[in-house]
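Subject: Structure handover

Hello,

Here is the structure I promised to pass on to you. Please open it first, and then read my notes below.

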Amino acid sequence: MVSAQELLHSHREVLLDWLSVNPTPLLRWLADAGVLTAEQYRAVLERSPTNKVANVLEQVCANEQNSQGFLQVLQQVQGYYCTQLHEWIHQHCTETPPEPPSEPQPNPPGGKKKTKSLLFKWFPKGKSQEFTLPQKDEVNNTKPRQNLKSVGMKVPLNAHKNTLLRQTERLMSYSEGEGQDSSSHAHIDIRYTELFVTEDDEGVTHSQHEYFTLASRRSPIYPHQTCRLIQPRDLLNPGSQTGCSPQRVKVKGIAGIGKSVAMQRLLYEWALGKHLQNFSCVFDLRFRELNLIDGPISLHELLASRFLYLQDILLDLFKHAKSLLFILDGLDEFRHRLDWDSKDRDLTVESKIPVPELLVALVGGNLLPECSVILTTRPSTDAPKRFFPRCCVVLGFQEKHVEEYTMKFYKDPLVAEKVFSYIVRNDNLFALSFIPLYCYIICSALAEFFSTDHNNEEESLDLNPPRTVSEVYYCYLYTTIKHHALKDKAETNSRPQILAVVKEQLMNLGRMAYENLLRNRILFDREDLEKFGLDPRGIRSTFLSQILVSVKEEKVEMFAFFHLTIQEYLAALFCVVNFSSYTEILTGLDYWCFGELRPPAENPPLTLNPLPAGDDLECPRVENLQMFTRFFSGLLRARLSRLLEGMAENSFGGDDGELPYQLGDWFQSQFKNRNLPNQMILNLLHCLMELHLQETTGRAAPEISRLNLFKMKLSVVDCAAVHYVLQFSKHLLKELNLGYSNIGNKGFSRLGPILHRCESLYIRYNCLGTDAAILESTVLKSEDCQVKKLYMCGNKLGPEGARVLWEALEHNNTVEEVYLDITGITESGTENLVQCLSKNTALKSLTVVGNDLGKVGWERLRYLGRVRPDLRIISHFVDDLGLLEAYLGWVEEMQADHDQMESVKNADALQSVLKGLWLSEGTGENTVKAKELETKILQLLENSELSALRAK
């Protein structure tokens, strides 16, 4: 009997032969068992297959305990390998292997260090197992031979898992961020970063650009919703309310948010035996591959052609449909319309029907009703909620994930830290970085600016690090061209020379991007490319491979810009380069922003043909062009700044010095003469920020006397756009309404410098805290303060926030009305109330209902009423009939508006109102209205616990 170390040493060569074919399962299980540390695992993944196994054998043979752990894991994963290995294990590893852990250990990369590995459970300290040491001739006779075919389904299913592992273990990365043509892949266990997935709100409409829809969807994520975060591997887990596992799950998300990568991760984890192990087989079907099937086909035929190694066992699998999972990825890429309202037919797996009908039957449960289905799609192409017990939306990265991704992107940790720090400090970049593909673009664009290679200073970009969205994309495109288009052109150094080299290709690509953007097309075939002067055969050998990617499957080859915004950016670049006059610019802005054509124009700008009949640029399509118009504005500035020299003429055929003023007149006219929807107003503000021309904004901003963005979920970058434009106006802003916009303290701070000019400031239910109250107090103390009405209801200002506001109001002579309903003011928040407000002579109305002021606090309010009889104090709901009627309308609004309800939940507002009503005493009509309000709130909440609360 010999030790495990001796056994592995003596069989090293045959183990290398058997395991190097597919080292992935072995390595991952070794890492999860603690035989390999997280650092060792990451390091070994970067090696070649043979070197991986050789390196692992060298590490585990360093001590007996790891050698024993290696053999234990080998027994668990032997199903992935040849029968010779099975026989070897049976011969030499006589111990019964432990059962795999019921709860798989988390992935080692990026995880916390384990205090004890599973080895300590399997091998108590001080004990050693013995193994049989073979003779020399025996070693020579254990060379691998052809795998033996086993009876049943085990062999084909293992072949399926091994195939999936090869297909899913690597993620595509277009650049390593080090200025070299790497076009490398990264192992999924190294590069994959967790995504934020939550329950979807099916009530949200998706008429606007999908990025802004997502920004709005992300914005109202409140602390009380954190329990709704779902890991992709848990999509099919039982629901907390029903206790049942959903058989149909829909996963929505915009382009580049990570839907397909999340599905790739699920397949990888299932094939490894880590998750979803209640399914005996998982079928992954991509809609873009299904596009090629024209005629009727049965489900049996479809799967047999797609999964050749499962042909012989499909019928047996169908008999156990409950153990089957179908992943249908990319409904938005399907060229056929699905008729979700079609009548059910009597179908079997042998029924030959058109593919769209087959897919509807599979999702709807008319075909294999016991199987499970996960369907992914973009918001623009949806499937009815009635088919899906669980609907989820992918919201991308959280801040910690952005940091994690950045650290993984760069090989140099110092560069990674600098880049992440820059992203966090820049509102524009940080707001974009939650989308994984945006994060990739940002990291690629910033690579050269923060490189630690000081020897290449002469080759770095002669620009400052990008600040706006347009600048990020300009740097990304320029870096891509520089590193991938000039390999054989060493003499080409200057930016104009570099852009001149690629002008023809970029303009052909840009025209295709633009004309198809107007038609809402994102996929192109070979004929489309040839029509616009692009050679499909040459894409992979040029810089275009970094922009236009093949979505080729087994039988289908289509092309797409690797992100929707790349198509929008190149479309905008095409327009900016090809416009030659101020009139053309205005014609374009009128069409893209409002869908209007200036006479005598009959076709969209820079297009030869009108859009097909019925394909006019209606309002929803205009909203889909909002990111494009922002790119256009930023690139217009780039052309005026001579950054497009070599590709575009610097002059627009006239006095370019007048162009910024002429653009200012156009923006001024829109604010003055149009009744613009909120989303269009916000888009124009962003266009001005991207244009970043003082002459233009200085003319447009004074025309804005009121800005109403009520119930628009605003990000920090939206607040930055509002501040950028309004800072150029010195006039009084009669009203700034940001109610229910959830801007938070950070967004509010971006607006700080302009708040003193707002006569009526509405910032209700915005997730504001004490810091916001402190900022507002500085506004109220300012000598330039012009605020008359201040609405801060539904924000958690707390007692400290209240005290600083009373202090600020002590000498303020402009504010007449203050509304602090439901702001978390307690008894301590009234300590300086009388002292400060008794000296104030301007304040006429103070509302503090819905706060638990305590006995002393109520006494202070009553005393303030005596010393300031001219000040109307509303401290109880029954004090004011108009207030009660306003709150009744408020409750009715929430019944129809899910987002408003979430804002109210975050502030515990309904509970606060109920407490206030129960503490109020009154008579007459006010009491009747108070009772009506109480009843409606209880109906809205449908929470028996609140009734118990009243009894207290």
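**What I found**

Strands here, like helices, are DSSP runs numbered from the N terminus, with at least two residues (E) for a strand and at least four (H or I) for a helix. Before you go further, please keep in mind that this is a predicted model, where local features need pLDDT of at least 70, side-chain atom pairs count only at pLDDT 80 or more, and totals for chains, interfaces and linings use all residues. Residues are numbered from 1 along each chain as its sequence is written, and side-chain values use heavy atoms, with hydrogens and water left out.

**The sheet**

Strand 14 pairs with strand 15 (residues 817–819) in the parallel sense, over three bridges; two strands count as paired if DSSP finds at least two bridges between them. K789 of strand 14 also stands opposite S760, and S760 in strand 13 is the bridge partner of E735. Strand 13 runs parallel to strand 14 (residues 789–791), joined by three bridges, and pairs with strand 12 (residues 733–737) over four bridges, again in the parallel sense.

From strand 12 the chain passes through helix 33 (residues 744–751) to strand 13 in a right-handed β-α-β crossover. Right-handed means that, with the strands pointing away from the viewer, the path from the first strand over the helix to the second runs clockwise. Strand 13, helix 34 (residues 770–781) and strand 14 also make a right-handed β-α-β unit.

The whole open sheet has seven strands in the order 11-12-13-14-15-16-17, with parallel pairing. Strand 11 (706–708) and strand 17 (872–874) are at the edges with a single partner strand each, so one side of each has no neighbour in the sheet.

**The cores**

The largest nonpolar core has 235 residues, and F70 and W806 have the most contacts inside it. Such a core is a set of buried Ala, Val, Leu, Ile, Met, Phe, Trp, Tyr and Cys residues joined through side-chain atoms within 4.5 Å. Helix 23 (residues 495–518) gives the most to this core, with 11 residues. A second, separate core of 44 residues includes L324, L328, V355 and L367.

Enjoy exploring!

Definitions and conventions:
Buried < 20%, exposed > 50% of the residue type's maximum accessible area, 1.4 Å probe, protein only.
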